[in-house]
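Subject: Two-chain model, handover and findings

Dear colleague,

Please find below the model I promised to pass on. My notes on what was found in it follow directly after.

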Amino acid sequence: MPPEIAISKLIDSRSAKKEFMSEQAKNFWAGVRAELPLLIGVFPFGMIYGALALNAGLDRSASQMMSSIVFAGSSQFVTTQLVHEAAPGFVIILTIAVVNLRHMLYSASLAPYLASLSTRWKILLSYLLTDEAYAPTIIKYERDGLQPFTHWFLFGAGLALWTNWQISTALGIFLGTAIPESWSLDFALPLTFIAMVVPVLKNRPTIAAAFSAGIVALVAYSLPYRLGIILAALVGIVVGTFLENKTHIKPSNPLPIQANLRDSLDDSSTTKER
Amino acid sequence: MNIWLVMLIGGLITFGMRFSFIYLFGKLHVPETLRKALHYVPPAVLSAIIFPEIFLRDRQLDLSLDNQRLLAGLIAVIVAYLTKNTLVTILAGMLALLLLQVLL
């Protein structure tokens, strides 16, 4: 083989490799970029969480480590609340499980796109699978379909959020002690939940689920171990599901984008009417 | 129970739920009813936490105008409905509570 062809082949394979690498990097950074606007919104929550956790009586290291061990904002807030109320461990664990149930939904909806990856990738991406990483990723998959390196997009989005969450938690713990009691910082917690739940209340089953859960929570408030929350949540879930079955309307989704996905994933034709 | 143990178990459960379908894809069929039910988890759980926080004062139902957290909470509901913006909602609710505490 003449040397110039060998060289050009070498250059070709090098540029091909470079191309290969840059596809991964490109997807990774696209994920980070897509996550940026969400990071701005999440950062204050990390700080609020850090401050609240300290305020509730968790020590600094436990407050910080919860952000990497559990790594799920709303369940961390709920845990903080329950620690504050001195609820027993098994109730906290049960509540974390119920609050984080929605992650199974994300897991189910991303599963077909991640099916060909190694177990190591699946473990890593599962650990990073939060509401905020799921949202841009599923939009990307729905728009572009299954591409060889889109999992790097999820990795970028997830890692960006993870880093942001650790730093904002640390800052909240650091500043938490400086926030005066009279600011009623603890009220930020129900406000956060109001902001999350109101936009979801789009149809009758969802509204009924929310109100029945709320009312049961009030009535059952004096149950021991804060079991009222779990009972109320279960009643709400049953009421919503029952009404949906009865009225045959499409459920309101935690994230609006899931509507399309549900249809495309569904092998039964029950939700195909649109 | 030790808080570290609680966190560890809570973290493992959370990871397990995130990993569940990604790992078991193709091996597990999700019943339609369960799939429907999962959609009602966020509104149900969150409302179960919100209601006692704003309707109860000293563990008693308080629907009076003296209940500042209820008023501030209702303002937050309206702001959330209009803006659909989490941060704006929190700021509006906190501001409302501070003002109510100063004014009333």
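What pLDDT does chain A average, and what share of the residues score at least 70? Chain A averages a pLDDT of 82, with 81% of the residues at 70 or above, where pLDDT is the predictor's confidence in each residue, from 0 to 100. Over residues 251-274 of chain A the pLDDT is below 50, and this stretch has 35 contacts in the model beyond near neighbours in sequence, a contact being two residues whose C-beta atoms, placed from the backbone, lie within 7 Å.

On conventions, this is a predicted model, in which local features need pLDDT of at least 70 and side-chain atom pairs count only at pLDDT 80 or more, while totals for chains, interfaces and linings use all residues. Residues are numbered from 1 along each chain as its sequence is written, and chains are lettered from A and ligands numbered from 1 in the order in which they are written.

Chain B

Chain B has five helices and two strands, arranged along the sequence as α-α-α-β-β-α-α; helices (H or I, at least four residues) and strands (E, at least two) are DSSP runs numbered from the N terminus. Of the 104 residues in chain B, 44% are buried, that is, they have 20 or more other C-beta atoms within 10 Å of their own, whereas 12 or fewer counts as exposed and anything in between as partly exposed, with C-beta atoms placed from the backbone. Among contacts in chain B between residues at least 6 apart in sequence, 29% join residues at least 24 apart.

Within chain B, the axes of H3(B) and H4(B) come within 7 Å and cross at roughly 135 degrees, the axes being lines fitted to C-alpha atoms over the stretch in contact and the angles running from 0 to 180 degrees between N-to-C directions. These two helices, H3(B) and H4(B), are therefore oblique to each other, given that angles under 35 degrees count as roughly parallel, over 145 as roughly antiparallel, 65 to 115 as roughly perpendicular and the rest as oblique. Here Glu53(B), Ile54(B) and Phe55(B) of H3(B) meet Arg69(B), Leu70(B) and Gly73(B) of H4(B).

The interface

Between the chains, 62 residues of chain B are in contact with 77 residues of chain A. Helices H1, H2, H3, H4 and H5 of chain B each supply at least two residues of the side that touches chain A, and H1(B) gives the most, with 19 residues.

Ala62(A), Met65(A), Met66(A) and Ile69(A) in H2(A) meet Ile3(B), Trp4(B), Met7(B), Leu8(B) and Gly11(B) in H1(B).

Two places in chain A

Helix H9(A), residues 188-197, is mostly covered, with 10 of its 10 residues buried, among them Leu189(A), Phe193(A) and Val197(A).

Leu171(A), by contrast, lies in helix H8 (residues 150-176) of chain A and is partly exposed, with 16 other C-beta atoms within 10 Å. Leaving aside its neighbours within four places in sequence, Leu171(A) is in contact with Met47(A) and Gly50(A), and its C-alpha atom is separated by 8.2 Å from that of Gly46(A), 125 residues apart along the chain.

Best regards
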